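Here is a short report on one protein chain. Keep the structure open as you read.

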Amino acid sequence: MTATTDTTTTAGTGGGAPDPAPATVGRIAPLLPVVGHDTLVPLVDGRQVTYSNLDVAASAPALASVAERVAETLPLYASVHRGAGYLSQVSTALYEASRRAIGEFVGARADDLTLVTRNTTDSINLLAGCVPADPVTGAPGRVLVLDVEHHANLLPWQRVTDATVLTGGATVAETLVQVRDELADGASAGRPYALLAVTGASNVTGESLPLTDLVEAAHEHGARIVLDGAQLVPHRRFSLADTGVDYLAFSGHKTYAPYGAGALVGRRDWLDAGTPYLAGGGAVRRVRTGGTDWHDGPARHEAGSPNVIGAVALAAACEALAALDPAAVREHEGELRRRLVSGLEAIDRVSVVRVWDDAVDPVGVVTFTVAGYDPGLVAAYLSAEHGIGVRDGRFCAHPLLGRLGFDAGAVRASVGVGTAGEEVERLVAAVRALVADGPRAQYDVVDGLWVVVDDPRPVPEGSGLAGLLATAAAGYLADVAACLPDDV
């Protein structure tokens, strides 16, 4: 990546004039074009600015190439697997070709299965039902999981397996010792763990534990390992075959393919023997009134009409990411992250959240707090007065946020291959303006969310919406926003 002098200005601090860009910073251009990169959004002062999407860790925008592939595929869409018509045969071929492309992207071994799911949560719930029971006692299989996990890699194990949640240490080295000791203790006590479930990269801080050490520890004590790759796969090249990881779950909507598909890729034996995830057509060989013969392979867990378009989109995203130089991706996101962290830490009253001080090579996820301001207010301010999208709350990682002392939540900014350096500079400038001058608009809490009082921003024309989130979903958000703090 070659840096050039950036002489542009950034739009919007909430005043009448645009923000001046920091003097002579290296321009960082996006690596790939994404849909919506030039979308204009209204501010409370009546201006419009280009939206800065720094919430890609939640849902990344579609790559332009993915949207083009979807548009090309829609006229060919028809029923899958059981249709004799020409378009049915084409759709079936597209679906199965997409499955192969997804598996190849993550280094699937020759005997691995690639299952098309809805997302990472769906994939891990599916695998949880396939963890073998104790061969002697018949008790549910034991799973070891850390408290740093997203709820998607925590709750499924607690519901259907014998799960132990291990509190992580203050450092990577200390945490690895704890993992090894717990696995060893289980094996020596005659109650070995069947599975170690870990994140590939924290959705809160972007940090991770050394995968080589985790795989070695799990396999040494007879356990398999599943990786929550939701935050890893979009940012780092990964291979099941090269790492020895047994199972990988990831989401299309975080991998620049927001069309409702995800994947679970891994060893066949557990998946072939596990209870079918969905009972329905396509998962069966034969149904009788007295019993059912189930398929093995992917069909066993993909009952119903599959998401052809989602699979095609995810495969297209995998192909686009595979064509990038991994070193270029690492450099691009690393520089964005460095600028974001250094810029935020230079602002009085701003603190960056970390799990381990000795973590290396974090992906582009940065979480921070601003003393004196509720995280929800910070996020609302960034949106309403600067046109910047971030995430606030507890990020579906309650145990971790609680252990780190952030029960009231925090603010998360995240970058990806479609992010430009100017967007990071805008965020830093906006937070600096907040600390220096405070918000210009008035804000209040409605149904658990911070909103602009008498928000003047219009909804997009032709959207069919009557209002923005807080008014359109009033009465509903309080029941579903469980990843928000309880006391906003």
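## A hairpin

Strands β20 and β21 form a hairpin, with two residues between them. In the turn, D447 has a positive phi of about 50°. The pairing is antiparallel and runs over four bridges. Strand β20 covers residues 443–446, and strand β21 covers residues 449–452. V446 has L449 of β21 as its bridge partner.

## Confidence

This model is predicted. The chain has a mean pLDDT of 92, and 91% of its residues reach 70 or more. Residues 1–25 have pLDDT below 50. That stretch still has 57 contacts in the model beyond near neighbours in sequence. Residues 470–478 also have pLDDT below 50, with eleven such contacts. Where pLDDT is low, the predicted coordinates should not be read in detail.

## The seven-stranded sheet

Find the open sheet of seven strands. Its order is β6-β12-β11-β10-β9-β7-β8, and the pairing is mixed. The edge strands are β6 (113–117) and β8 (162–166), each pairing on one side only. On average, neighbouring strands are turned by 20° against each other, direction ignored.

Strands β7 (residues 142–146) and β9 (residues 195–199) run parallel, joined over three bridges. Here V143 stands opposite L195 in β9.

## Helices across the strands

Helix α2 (residues 86–105) lies across β6, β11 and β12. Its angle to β6 is about 115°. Helix α6 (residues 211–220) lies across β9 and β10, running at about 150° to β10.

## The annotated span

An unreviewed UniProt entry annotates residues 54–427 as "domain: Aminotransferase class V". This span is 38% helix and 17% strand. Its end C-alpha atoms lie 9 Å apart.

Terms used. Residues are numbered from 1 along each chain as its sequence is written. This is a predicted model: local features need pLDDT of at least 70, side-chain atom pairs count only at pLDDT 80 or more; totals for chains, interfaces and linings use all residues. Side-chain values use heavy atoms; hydrogens and water are left out. UniProt positions are given in the numbering used here, feature names are shortened, and annotations may be inferred rather than shown by experiment. pLDDT is the predictor's confidence in each residue, from 0 to 100. Contact means heavy atoms within 4.5 Å. Two strands pair if DSSP finds at least two bridges between them. Axes are lines fitted to C-alpha atoms, for helices over the stretch in contact, and angles run from 0 to 180 degrees between N-to-C directions.
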